[in-house]
Amino acid sequence: MKLRSRLSVTFSALLGALTLALAVPNSAAAATCDNFGCDGHDPNVQTWQTGPVSPYGPYDLGGSFMYELRWGKTDGDQYSWGRLWYISGSDEQKYTVYVQRCTKSHSTCYWRLGEKKGGASGWTAKVPEGTNYYYTRTPMYYNPSGYEMRACVEDPSGDESCTPWY
């Protein structure tokens, strides 16, 4: 095959792929996740059917810190994640927020899912109602009917505080 023919075939294939990509904008972003396949996704970019709400919290850790368990439902599935609230500049990086997921019998548990230090880049947002308050969130995790979850925070001394199981 001549070079001109090869270039024509290559150009036609690229043009066809570009046309398809333009015809289906954000197709990868529009794909939905399902069940455990959503584990680790950012709850702030999710479209929620119900919630998000806080069934437990915020709980006071003393000083400038609070924590809570968040819950929401999308595509008919329930997900949970944790949030650490704090005043900026209060050594937030010394606190770690995470969630725990267990079967209701506690025969199988997953500890420290989505661990984030206070102020974690990409996982921290300013609280609109407060002038100097921020929160750091964990990723979301699937919470099916046979499981329960809670949010936990580890303070600088290594002590752990957790919400009730939900």
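**Residue contacts and chain geometry**

Reader: With the side chain of which residue does the side chain of E68 make a polar contact of 2.8 Å?

Author: A polar contact is a pair of N or O atoms within 3.5 Å; within protein, one must be able to donate a hydrogen and the other to accept it, and residues adjacent in sequence count only if both atoms are side-chain atoms. By this criterion, the partner of the E68 side chain at 2.8 Å is the side chain of R83.

Reader: What pLDDT do local features need in this model?

Author: Residues are numbered from 1 along each chain as its sequence is written, and side-chain values use heavy atoms, with hydrogens and water left out. The model is predicted: totals for chains, interfaces and linings use all residues, side-chain atom pairs count only at pLDDT 80 or more, and local features need pLDDT of at least 70.

Reader: Which residue joins its side chain to that of E68 by a polar contact of 2.7 Å?

Author: Contact in general means heavy atoms within 4.5 Å. Leaving aside neighbours within four places in sequence, E68 is in contact with residues including G82, R83, W85, A151 and T163. Within that group, the polar contact of 2.7 Å links the side chain of E68 to that of W85.

Reader: Is E68 buried or exposed?

Author: E68 lies in strand β2, residues 65-74; helices (H or I, at least four residues) and strands (E, at least two) are DSSP runs, numbered from the N terminus. A residue is buried under 20% relative accessible area, exposed over 50% and partly exposed in between (1.4 Å probe, protein chains only). Because its relative accessibility is 2%, E68 counts as buried.

Reader: What distance separates the C-alpha atoms of E68 and Y56?

Author: Y56 is one of the residues in contact with E68. The two are twelve residues apart along the chain, and their C-alpha atoms are separated by 5.8 Å.

Reader: Which residue's side chain is joined to that of R101 by a polar contact of 2.9 Å?

Author: R101 is placed in strand β4, residues 96-103. With a relative accessible area of 4%, R101 is therefore buried. Apart from residues up to four places away in sequence, R101 touches several others, among them F36, C109, Y141 and E148. The polar contact of 2.9 Å joins its side chain to that of D39.

Reader: What relative accessibility does C109 have?

Author: The link of C102 and C109 is right-handed, with 120° about the S-S bond. C102 is buried, because its relative accessible area is 0%. C109 counts as partly exposed, because its relative accessibility is 22%.

Reader: How many residues apart are C152 and C162?

Author: C152 is buried, with a relative accessible area of 0%, whereas C162 is partly exposed at 22%. The torsion about their S-S bond is about 110°, so the disulfide is right-handed. The pair links distant parts of the chain, C152 in strand β9 (residues 147-154) and C162 in strand β10 (residues 160-162), and their separation in residues is ten.

Reader: Which residue is joined to G57 by a cis peptide bond?

Author: Most residues other than glycine have a negative phi, and most peptide bonds are trans. The bond from G51 to P52 is cis, with omega near 5°, and P52 is found in strand β1, residues 50-62. A cis bond with omega about 5° also joins G57 to P58.

Reader: What relative accessibility does D75 have?

Author: D75 is placed in the loop between β2 and β3 (77-87). Although D75 is not a glycine, its phi is positive, at about 50°. D75 counts as partly exposed, because its relative accessibility is 39%.

Reader: What percentage of the 166 residues in the chain is buried?

Author: The secondary structure comes to two helices and ten strands, in the order α-α-β-β-β-β-β-β-β-β-β-β along the sequence. Of the 166 residues in the chain, the buried share is 37%.

Terms used: A disulfide is a pair of cysteine sulfur atoms within 2.5 Å.
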